[in-house]
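Student: Hi! I have a new structure to look at and could use a hand finding my way around. Could we go through it together?

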Amino acid sequence: MCKVIAVANVKGGVGKTTTVLNLGYALSELGKRVLLVDIDPQSNLTMGLGVNNPDELETTLYHLIMAVIDHKELPDKDKYILTFGNTDLIPCSIDLAGAGQFRLTSAMNRERVLDKILANLKDDYDYIIIDTAPTVTLLTVNALVACHTVLIPTTPEIFAVKGIELLLETLYQARDVNPAIAVEGILMTICDTRTNRFKTIYNDIQDAYGKAFRIFDTLIPISTKVGESNLYGRSIIEYQPNSKVAAAYREFAKELVSNG
Ligand SMILES: Nc1ncnc2c1ncn2[C@@H]1O[C@H](COP(=O)(O)OP(=O)(O)OP(=O)(O)O)[C@@H](O)[C@H]1O
Ligand SMILES: [Mg+2]
């Protein structure tokens, strides 16, 4: 059965996109069929896979959302799914920020548009992983409503932890539309485990959320290699397969699969 995971935290820059990209690659290395979905108008995931000008793509998530709103048929899958090695992507473009959100606001069943798009694809994949923007918008709500579980990356910083609280409030509201949304767990990213600050915040997170949610054992280490891999439009697993970050994302993928 296909599992749909939304990767979300209202705080920006906590490693959401990096996690989607590398988790996707690691899962496909484990033989899973993976679709990544970019629902962030910044299009970082799309660019992170090597698409330099997402706004020039003929068909992106924006066009699919417009088709659902206008009750038109979706184009053929090969028109909107891009393939990179073993990983597929529904790309995003900046149109989703302005026109896209404006049209979505007044659409019928406006929270369920992404869910409708994905319904068509669930037979083809083991995992669909959605990269969300660092803001609470109807797009984020669409991602939450469309998913089975929410994976929450957080850096060991107090503001990122506040972002978890805000996200959980949004998730509880989204449960009005999809009561079954569960939390996959919290993933600590960009960690410098040697510092006292890391230890303090890690303990704070355990105290605040450890009873209610799974906090993954894998800690994603901080590494300048991640920025370099972004520059080359590749996942860290491809760019530096023997790095600590690549190893951590592989380990995390195994932990996530064992979550069921
Ligand atoms: N493990 C890591 N070590 C060092 N830098 C990292 C690591 N993971 C991510 N980064 C860097 O941190 C920045 C933010 O990462 P990323 O874009 O994945 O976060 P995000 O949560 O998706 O951001 P946004 O909220 O803007 O969408 C990027 O410059 C990225 O290269
Ligand atoms: Mg991002």
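Student: How do E6 and E7 pair, parallel or antiparallel?

Tutor: E6 and E7 pair in the parallel sense, over 6 bridges. Two strands pair if DSSP finds at least two bridges between them. Helices (H or I, at least four residues) and strands (E, at least two) are DSSP runs, numbered from the N terminus.

Student: And which residue stands opposite Ile152?

Tutor: That is Ile186 in E7.

Student: Before I go on, what am I looking at?

Tutor: This is a predicted model, where local features need pLDDT of at least 70 and side-chain atom pairs count only at pLDDT 80 or more, while totals for chains, interfaces and linings use all residues. Residues are numbered from 1 along each chain as its sequence is written, chains are lettered from A and ligands numbered from 1 in the order in which they are written, and side-chain values use heavy atoms, with hydrogens and water left out.

Student: Thanks. Back to E6: which strand is paired with E1?

Tutor: Strand E1 (residues 3-7) pairs with strand E6 (residues 149-154) in the parallel sense, over 3 bridges. Ala6 has Val150 in E6 as its bridge partner, and Val7 stands opposite Leu151 in E6.

Student: How many of the residues of E6 are buried?

Tutor: The count is 6 of the 6, so E6 is largely enclosed by the rest of the structure. Buried means under 20% relative accessible area, exposed over 50%, and partly exposed in between (1.4 Å probe, protein chains only). Thr149, Leu151 and Pro153 point one way from E6, Val150, Ile152 and Thr154 point the other way, and all are buried.

Student: What is the strand order in the whole sheet?

Tutor: The sheet is open, has 8 strands and mixed pairing, and its order is E3-E4-E2-E5-E1-E6-E7-E8. Strand E3 (82-84) and strand E8 (215-221) stand at the edges with a single partner strand each, so one side of each is left without a neighbour in the sheet. On average, neighbouring strands of this sheet are turned by 25 degrees against each other, direction ignored.

Student: What holds strands together in general?

Tutor: Strands of a sheet pair through backbone hydrogen bonds, either parallel or antiparallel.

Student: Let's visit the E3 end. How do E3 and E4 pair?

Tutor: E3 and E4 are antiparallel, with 3 bridges. They form a hairpin with 2 residues between them, and Gly85 in the turn has a positive phi of about 60 degrees. Phe84 has Thr87 in E4 as its bridge partner.

Student: And what is on the two faces of E4?

Tutor: Both faces of strand E4 (residues 87-90) are covered: Thr87 and Leu89 on one side, Asp88 and Ile90 on the other, are all buried. E4 also runs parallel to strand E2 (residues 34-38), joined to E2 by 4 bridges. Val37 stands opposite Ile90 in E4.

Student: New topic: helices. Which strands does H9 lie across?

Tutor: Helix H9 (residues 196-209) lies across E6, strand E7 (182-191) and E8, and runs at about 155 degrees to E8. Axes are lines fitted to C-alpha atoms, for helices over the stretch in contact, and angles run from 0 to 180 degrees between N-to-C directions. Contact means heavy atoms within 4.5 Å.

Student: Which residues of H9 are buried?

Tutor: Phe198, Ile201, Tyr202, Ile205 and Tyr209 are the buried residues of H9. They cover an arc of only 105 degrees around the axis, which puts them on the same side of H9. That arc is taken from the directions from the helix axis to the C-beta atoms. On the other side of H9, Asn196 and Asp207 are exposed.

Student: What covers the buried ones?

Tutor: The cover includes E6, helix H8 (158-174), E7 and E8.

Student: Which strands does H12 touch?

Tutor: Helix H12 (residues 244-258) packs on the sheet and touches E1, strand E5 (127-131), E6, E7 and E8. The buried residues of H12 include Tyr249, Phe252 and Leu256. Just after H12, Gly260 takes a positive phi of about 95 degrees.

Student: Last one: how many helices and strands does the chain have?

Tutor: The chain has 12 helices and 8 strands. Of its 260 residues, 55% count as buried.
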